Amino acid sequence: VTVGLDTNWTPLLSSQASVSYQHTNVDQSTPPVVKAGVNTWGGSASAVYKSQLNQYRAVISRFVTPSGGGGVYLNDQAQLQYIQEVTERLTFTAAMIWLKSRQLPFDLYGLDRTYSQTALDFKYMIRPTWFVQGGYQYSWQKYTQAPEASNNRIFIRVGYQGLPPQR
């Protein structure tokens, strides 16, 4: 069951909210044997503010998702994003995501994890449809029964981007 609400408060500010409820029967016959019923809730709240030169976006959510191994996970997540149009052709973006994932009904295999990623980049439009982009990303994760890991990435890429809708 899911209930949601989308609102445009002003031409510059919008928000979205939803709440869901889910019941899942977990019936695992291979060791360790698990037979359980799980009642859980999820939902999200987000807000976007757009001005002429920048945009702010925030999302807080909790979702129930299936895994590739046949389990069910509860994912708590927070996202922040800031976009600044420095010039007509140059855009700066800063973004962060944090995720905590827990197996339901409990962590059978030590696969619960916490994950975060931060990214900073500049994108320059060389032509109306071609761009060069460069930036930095930092990723970190920790599984319940494993050491934590992190990664730093510096990148430069050239790409094609279609034109925005014409008004």
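A residue is called buried when its relative accessible area is under 20%, exposed when that area is over 50%, and partly exposed in between, with a 1.4 Å probe and protein chains only. By that definition, arginine 102 is partly exposed, because its relative accessible area is 24%.

Good morning. The structure under discussion is a predicted model, in which local features need pLDDT of at least 70 and side-chain atom pairs count only at pLDDT 80 or more, whereas totals for chains, interfaces and linings use all residues. Residues are numbered from 1 along each chain as its sequence is written, and side-chain values use heavy atoms, with hydrogens and water left out.

A salt bridge is a side-chain nitrogen of Lys or Arg within 4 Å of a carboxyl oxygen of Asp or Glu. How many salt bridges does this rule give? The count is two. In one of them, the side chains of arginine 102 and aspartate 76 meet, with 2.9 Å from N to O. Arginine 102 lies in strand β6 (residues 90-104) and aspartate 76 in strand β5, so this pair ties together parts of the chain that are 26 residues apart in sequence. Strands here are DSSP runs of E with at least two residues, and helices are runs of H or I with at least four; both are numbered from the N terminus.

Aspartate 76 also forms a salt bridge with arginine 62, where the closest N and O atoms are 3.6 Å apart. Here the link runs from strand β4 (residues 54-66), which holds arginine 62, to aspartate 76 in strand β5, and the two residues are 14 residues apart. Are these two partners buried or exposed? Arginine 62 counts as buried because its relative accessibility is 18%, and aspartate 76 counts as buried at 17%. Taken together, Arg62, Asp76 and Arg102 are linked in a network of salt bridges.

Asparagine 75 is buried, because its relative accessibility is 12%. The C-alpha atom of asparagine 75 is separated by 4.4 Å from that of serine 101, although the two residues are 26 residues apart along the chain. Contact means heavy atoms within 4.5 Å. Leaving aside neighbours within four places in sequence, asparagine 75 has contacts that include Arg62, Phe63, Lys100 and Ser101.

I now move to the nonpolar core, a set of buried Ala, Val, Leu, Ile, Met, Phe, Trp, Tyr and Cys residues joined through side-chain atoms within 4.5 Å. Which residues make up the largest one? Its seven residues are Val26, Val34, Val38, Val64, Val72, Leu74 and Leu104. Two elements, β3 (34-50) and β5 (72-85), each give two or more residues to this core. Leucine 74 touches, among others beyond four places in sequence, Thr40, Trp41, Val64, Arg102 and Leu104.

Threonine 40 lies in strand β3 and is buried, with a relative accessible area of 10%. Again not counting residues up to four places away, threonine 40 touches Ser20, Tyr21, Gln22, Arg62, Val64, Leu74 and Leu104.

Finally, the aromatic residues. A pair of aromatic rings is described by the distance of the centres and the angle of the planes. Rings of Phe, Tyr and Trp (its six-membered ring) pair if their centres lie within 6.5 Å; planes under 30 degrees apart count as stacked, over 60 as edge-to-face and the rest as tilted. The structure holds four aromatic pairs. Why is the pair of tyrosine 49 and tyrosine 56 called tilted? Their ring centres are 6.3 Å apart and their planes stand at 35 degrees, so the pair is tilted. Tyrosine 56 and tyrosine 82 form another tilted pair, with 5.0 Å centre to centre and 45 degrees between the planes. Tyrosine 49 is partly exposed at 35% relative accessibility, tyrosine 56 is partly exposed at 40%, and tyrosine 82 is partly exposed at 23%. Ring pairs link Tyr49, Tyr56 and Tyr82 into a cluster.

Thank you for your attention.
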